[in-house]
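Hi everyone, thanks for coming.

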Amino acid sequence: MRCPGHGQDRRVPGSISSVRRALHTGRAPVRCSWLEASGEAQMDEDIRAEAAQYYDVNPTIPDDIAFYQACLPSSDAAVLELGCGTGRVLLPLAAWCGFIHGIDRSQAMLARCLQKVQAAAIPSTKARVELGDITDFALGRAFDLIIAPYRVFQLLETEAQVDGLFQCVRAHLAPGGTCILNVFHPQGGFEGVQQAWERATELCRWEVTVDGVRLRCDERWLRLDPERHILYPELVYCRYVDDAWVEDAVLQIPRRCYAPDAFEQVIREHGFRIAQRWGGYAGERYGEGPELVVQFSV
Ligand SMILES: C[S@@+](CC[C@H](N)C(=O)[O-])C[C@H]1O[C@@H](n2cnc3c(N)ncnc32)[C@H](O)[C@@H]1O
């Protein structure tokens, strides 16, 4: 799929700082006193510092809110969201559960989340968000449901990170509690993805117009690790300015690919029991839809 205008008159990043300054909304990010006060503020550089502003306009994020609502075990359930980002799922769930705690390592994503929590006047007894690493955290309490919507798990690149996440999940699940993880379904297996990767090196992921401004996300395919089944794309966010596309933010991420069997296997290998599985959020069977979604318990 090519976006209209794709490839036309593109300027390189670095030449646009003045344009970028002029274009940014002028809204200063919300300052999070709890972030600055926290020792966790010493985390790595925030790779989403610039890209976070584009997250909520992405029209391709699966419609998964009703799914997670339906998975709440009760209306007073305590929920933990790993990689809560801008609060896309956290905010609606806060209205339907007893308490939801979100953690994320991106200060820019969390600032947006906190801004929404404050704007919605959600009390801290209902929702809390915190800077932290989902592969290494200790919150001192247990949760009835742990979730990581929109493919957060596939962002974990190393075995140590994967092990760390499962250890933390185990330590934070209440008796009878469950965890739901999701990755995309690489149709045709990793080989199919690899072939597509070799056929094209750049594609348009989405394009939208927001408040009269055209915004677009292109994906450039940088490299892949065939041994560990990891893709390394670069997401390039652009605005349309003065009849030209201008690159505004670039986000490089790992995208680890799991075949349906491999995804279940990594969960079982970490000592969990699979309870349910889905192939997407529209009733697809596992392995037959665009997503792999697995619910498990200890
Ligand atoms: C694709 S977004 C998903 C956000 C949200 N769950 C949603 O469904 O809209 C992935 C998020 O995971 C966070 N993330 C990735 N790796 C992380 C890690 N090791 N620790 C904490 N957060 C992480 C990113 O900062 C980002 O906000």
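Now the housekeeping. What you see is a predicted model, where local features need pLDDT of at least 70, side-chain atom pairs count only at pLDDT 80 or more, and totals for chains, interfaces and linings use all residues. Residues are numbered from 1 along each chain as its sequence is written.

OK, the overview. The chain has eight helices and twelve strands, and buried residues make up 35% of its 298 residues. For contacts, the rule is that two residues touch if their C-beta atoms, placed from the backbone, lie within 7 Å. Take contacts between residues at least 6 apart in sequence: 67% of them join residues at least 24 apart.

Next, the sheet. Strands of a sheet pair through backbone hydrogen bonds, either parallel or antiparallel. Here, two strands count as paired if DSSP finds at least two bridges between them. Seven strands make an open sheet with mixed pairing, and the order is S3-S2-S1-S4-S5-S12-S11. Strand S3 (127-131) and strand S11 (273-278) are at the edges with a single partner strand each, so one side of each has no neighbour in the sheet. From one strand to the next, the twist averages 20°. For angles, axes are lines fitted to C-alpha atoms, for helices over the stretch in contact, and the values run from 0 to 180 degrees between N-to-C directions.

Let's zoom in on S1, residues 78-82. How does S1 run relative to S4 (residues 143-148), and how many bridges join them? They run parallel, and three bridges join them; Leu80, for instance, has Ile146 as its bridge partner in S4. S1 also runs parallel to S2, with five bridges, and there Glu81 is partnered with Gly102. Is S1 enclosed or open? Five of its five residues are buried, so S1 is largely enclosed by the rest of the structure. Both faces are covered, with Ala78, Leu80 and Leu82 on one side and Val79 and Glu81 on the other.

What lies across the sheet? Helix H5 (residues 107-119) lies across strand S2 (99-104) and S3, at about 165° to S3. Helix H6 (residues 159-172) packs on the sheet too, touching S1, S4 and strand S5 (173-184), and makes about 150° with the direction of S5.

On to helix H8, residues 260-269, where Phe263, Val266 and Ile267 are buried. Seen down the axis of H8, these buried residues fall within an arc of 100° (taken from the directions from the helix axis to the C-beta atoms), so they line one face. The face of H8 turned away from the buried side carries the exposed residues Asp261, Gln265, Arg268 and Glu269. The buried residues of H8 pack against H6, S5, S11 and strand S12 (291-297).

Val294 is buried, with 24 other C-beta atoms within 10 Å. Leaving out residues up to four places away in sequence, Val294 touches Leu181, Phe263, Glu264, Ile267, Ile274 and Arg277. The C-alpha atoms of Val294 and Glu264 are 7.4 Å apart, though 30 residues separate them along the chain.

Last stop, the hairpins. Strand S6 (residues 202-210) and strand S7 (residues 213-225) pair antiparallel over eight bridges, with Trp206 facing Cys217 as its bridge partner in S7. S7 then pairs antiparallel with strand S8 (residues 230-241) over ten bridges. Four residues sit between S7 and S8, and His229 in that turn has a positive phi of about 55°. Arg228 is in the loop there as well, and with 13 C-beta neighbours inside 10 Å, Arg228 counts as partly exposed.

Definitions and conventions. Helices (H or I, at least four residues) and strands (E, at least two) are DSSP runs, numbered from the N terminus. A residue is buried if 20 or more other C-beta atoms lie within 10 Å of its own, exposed if 12 or fewer, and partly exposed in between; C-beta atoms are placed from the backbone.
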